[in-house]
2 protein chains.
Amino acid sequence: MPQRIVVVGAVAAGPKVACRARRLLPDAHITLIDQDDLISYGGCGIPYYVSGDVTDEKELRETSFHVLRDARFFRDAKGIDDVRILTRVTAVDRKEKQVHIQDVQTGETGVLPYDKLVLATGSRPNVLPVEGRDLDGVFTISSLHKAIAIKERIARGQVEKAVVIGGGAIGIEMAEALTDLWGVETTIIEFMPQVLPRLVDRTLARMVEHHLREHGVQVFTGEGAQRIEGDGGRVRRVVTPNRTLEADLVIMSAGVRPRGELAREAGLLCSPMGAIVVNRRMQTSDPDIYAAGDCVETLHLVTGKKAYAPLGSVANRQGRVVADNLAGIPSTFDGVVGTFIMKVFDICVGATGLSTEVARAEGFDAAEGMAVMSDRAHFFPTQALMFLQMVADRRSRRVLGVQGVGAMGDGLMARIDAAAALLPRRPTVDDFGTMELAYAPPFSTAVDVLNTAANILDNVVSGRIATVEMAEFLDWMDDPARHPEWLVLDLRHPREAEPFLKRFPDRWMNIPYDEVRPRRDEVPRDRRLILVCNAGTRSYEIQRFLVTIGIDNTLVLPGALNVARRLGPAWWPEGTAGD
Amino acid sequence: MPQRIVVVGAVAAGPKVACRARRLLPDAHITLIDQDDLISYGGCGIPYYVSGDVTDEKELRETSFHVLRDARFFRDAKGIDDVRILTRVTAVDRKEKQVHIQDVQTGETGVLPYDKLVLATGSRPNVLPVEGRDLDGVFTISSLHKAIAIKERIARGQVEKAVVIGGGAIGIEMAEALTDLWGVETTIIEFMPQVLPRLVDRTLARMVEHHLREHGVQVFTGEGAQRIEGDGGRVRRVVTPNRTLEADLVIMSAGVRPRGELAREAGLLCSPMGAIVVNRRMQTSDPDIYAAGDCVETLHLVTGKKAYAPLGSVANRQGRVVADNLAGIPSTFDGVVGTFIMKVFDICVGATGLSTEVARAEGFDAAEGMAVMSDRAHFFPTQALMFLQMVADRRSRRVLGVQGVGAMGDGLMARIDAAAALLPRRPTVDDFGTMELAYAPPFSTAVDVLNTAANILDNVVSGRIATVEMAEFLDWMDDPARHPEWLVLDLRHPREAEPFLKRFPDRWMNIPYDEVRPRRDEVPRDRRLILVCNAGTRSYEIQRFLVTIGIDNTLVLPGALNVARRLGPAWWPEGTAGD
């Protein structure tokens, strides 16, 4: 009798397991089961389907050669012996090695025996326990059906105002989708003090928030939904502690959690949050049962701790590992470093590894360095600024993470990917300083922004640069009494400094960078100097010089005015570009 | 007395050493010397200056904040104590620890004592020993002065036809510069059988050649310059064994070699090709003399052998290491993996590590896998095809290199950089298969093209796929008698296959991919089947299936028709897109 492989779940990991197992094990009998009728779709594409960038939901279910990935496709093209959609697995009987199934439409039940079982049961969105969550017009992004329903509602002209609850990646992508092509007035509310919590640190998050506002999305952070109100069963308002937001569409994007019930009920080891525990070969605590995708727990390769990484890319790579092991090929999935990237209107934001905040929470003595520079040769016409922050442990010099914001395109991804590739190998700041990266003027700079971030961080962890935090600087700009002794020494061209000198005559002075040495006697010694330029580089150099003439209490503003401007401070002089 | 540091050469590595040494060693006396008057310029930007993308040569000499990097700048802004341009170092007296200098204009000589000497003397272009190389209008790209002279000549309308001798990166960049914005009729001749020899393998090189031809650049490979002819001292023609090419401008771009004479004459250890030998701290055989940039030899971290890597990016990173060591900070430059990227009209081409050809020459049992797929989600509107080839040693499964062609943008660089970051750590095919890369539909695919290349290569080195070489397939298409038993089984949609069936009725048949299993009885068993689709993926899957029904001598065409079409074969049916 052929080996019987039963795969439960047919969105990402499941089909990957089934198809590769088919190629490796021509004699096996493979069954693929899903409770939905829509299977094998690119869930990450949902915001682009809602926005209209992707016209038809079928495009999310097609191969690159435009064939629909339906049950027929998996049978005829992929050779899966038995593909059962609209079929729910209700229980796993490990003793008898069989699964109990039920037809979702007819209620008919049955039993399928297995030799090897694969659980790819995915995740479900968190539903916040707020009043009104069941009103018509309140959605989670839990399936393609929900996405279709949202888009239909918008296309029918039923949505003028939307509230997105949750400022994570999916929330922001959905907000952009609603605003950009449909002109829906959209507001994001995020319970944490910043969007993209835990993914990037405060400064970059505030840069993203400012960019969202510039594109018409309202953003309120540190503000949760208290209740959702409706009329006649339809949603009308979202109430927070600070305001009431009108809404005829509410999207809850408050993260997802694993669908591990089937596994737990079968007695398989699960994590406290309900994710299935697997070893590096993706085997559960029952060696005949494998699991992959959003339903499993994995390892974080930077912290060394257990982690949850519900991503289509992770699911696919895990699926291949499962198939290999089913076929006796020793293959392992070692864990994740936590890499993400996303488009936000005209910019992109991404990260890999740990943010400074998370690194500190994990017990590291985390330091950070921020490079702000052209993403390609500054003389190349298409250049744009990139903001790249590297995080390292001060004592061991081990790099823990890299995060950045750049112009929309693949330039930021290049740096994030290079860092992600190396992070599992425990690289140091020095490894990144001398890292070899592709260079030609249309693509990058001779010293790449990633090398530069490492070099700056090297200066930070080696104690060669003294900095002031951006948040502290901004607070002082709003309230100078916090540090009456501070004085900004602006090292930019007088033309750039002039509007600031006019606006802040008591606390802003200008000596251009290349005149500081000749004009050293003009540098005040009775105030604490905040050294400011556009990117921070000139400030660092001048700080090093000032030490040699006995002025050793200056502070450099990392990322400098290029960053400050992108946070949209009220004091920024109008019409001043700043870079 | 302060420590005296003398730096010879002020283009890339030299200024980097001088400026960082200044910051680290406030008390040292630093001298920066160059024989030219133009210093600290982005030499890699020369093609973009010639093309007109960069308007003024000064842009190549400016900081990102638009200050000219001249002698004054290095004195006043950077605090270099003594900056001497138009000054040649004629000899190094190691015994007395001094350098002999000469004013290039006046001939005046002098002597400068040093405690530490840094040689950053760069490289010079190879001049081919052909008759006519001294004619007016024959240029190498040896300095910014040459670039200015070439651009002036073009701007004055004196150049209608140009010949570029050498199809390496700089030759191709110059050809594009001449053609694209100036409309100069340009021809590249390359002595080797392909452009970008040793950098990429034949198939990708031919893709680049075809793209150049499509953009009006003539390309002749396997063809060297026999002599250059002129009239009245001015260049008129370049003669090859096969043709005579008219030219009023000839650019020789036949690589560069190190300027190591000063070091060799001082008795420092140099390589056979004349590059200065340094240790990982960039010290020469005299511990008081450091060297960095185009004049030094380095280590290739894939082959473990000595290598020469004359690149501005390498020079800058080495310069920082020199400065660190001058200041007593232990810092090392371990070597290179050989990474490059370049723009060629609408596409880009790049590589890191070894090509298959070079790997075999180095004694590896090299195998290759070629992924051809969307560079981002195939449903995302801006997606384009990427061609990515990975090379590994068959026995150890160690990845030796990655090379690719993609649409112009930073997407290819992302994959090359990720590979370059990991290559020094001796990764395996499996490391690349499960490598974590940033994923969102606007940027990449759930299984990235880099993962896919590794997965394909895994199938190759594990013997799970049997392939025919693209070159062999193309030869057979031109001359079917080479393999009369071959028959193409085209797995694409009938609409795509139809023009091929019409043109090649005797050796082309079509069963769409998803119909092969149901129509298995129609698959011929009396011919050797060449399995063909657009990317190679469907062919591989069908090969795996055919084995199970006893048809086990089929061959997959890697990269398939997406690659073949981009090589511009004469037999390609007109009006057939192919992907």
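Predicted model: local features only at pLDDT ≥ 70, side-chain atom pairs only at ≥ 80, totals over all residues.
Begin by selecting both chains and showing where they touch: 93 residues of chain A are in contact with 93 residues of chain B. Between them the two chains bury about 7800 Å², and 59% of that area lies on carbon and sulfur atoms. Next, pick out Phe379(A), Glu436(A) and Phe443(A), which together supply 11% of the area that chain A buries against chain B, more than any other three residues.

Now turn to the charged and polar pairs across the interface. The count of salt bridges between chain A and chain B is 14, and one to display is that between the side chains of Arg320(B) and Asp458(A), at 3.2 Å from N to O. Across the interface of chain A and chain B there are also 37 residue pairs in polar contact, with both residues at pLDDT 80 or more.

Colour chain A by its helices and strands, and look at the side that touches chain B, where the elements supplying at least two residues each include α8 (312–326), β21 (339–344), α10 (411–422) and α12 (449–461). Of the elements, α10(A) gives the most to this side, with 10 residues. By type, the residues on this side of chain A divide into 43 nonpolar, 21 polar and 29 charged.

Finally, select the largest nonpolar core, which has 241 residues, and find Leu119(A), Leu546(A), Leu119(B) and Leu546(B), the members that touch the most others. Centre the view on Leu119(B): leaving aside its neighbours within four places in sequence, its contacts include Val8(B), Leu262(B), Ile276(B), Tyr290(B) and Cys295(B).

Technical notes:
Residues numbered from 1 in each chain as written. Chains lettered and ligands numbered in written order. Heavy atoms only, no water. Contact = heavy atoms within 4.5 Å. Buried area = accessible area lost by both parts, 1.4 Å probe. Salt bridge = Lys/Arg side-chain N within 4 Å of Asp/Glu carboxyl O. Polar contact = N/O pair within 3.5 Å; in protein donor to acceptor, adjacent residues only side chain to side chain. Helix = DSSP H or I, 4+ residues; strand = E, 2+ residues; numbered from the N terminus. Nonpolar A, V, L, I, M, F, W, Y, C, P; charged D, E, K, R; others polar. Core = buried A, V, L, I, M, F, W, Y, C linked by side-chain atoms within 4.5 Å. Buried < 20%, exposed > 50% of the residue type's maximum accessible area, 1.4 Å probe, protein only.
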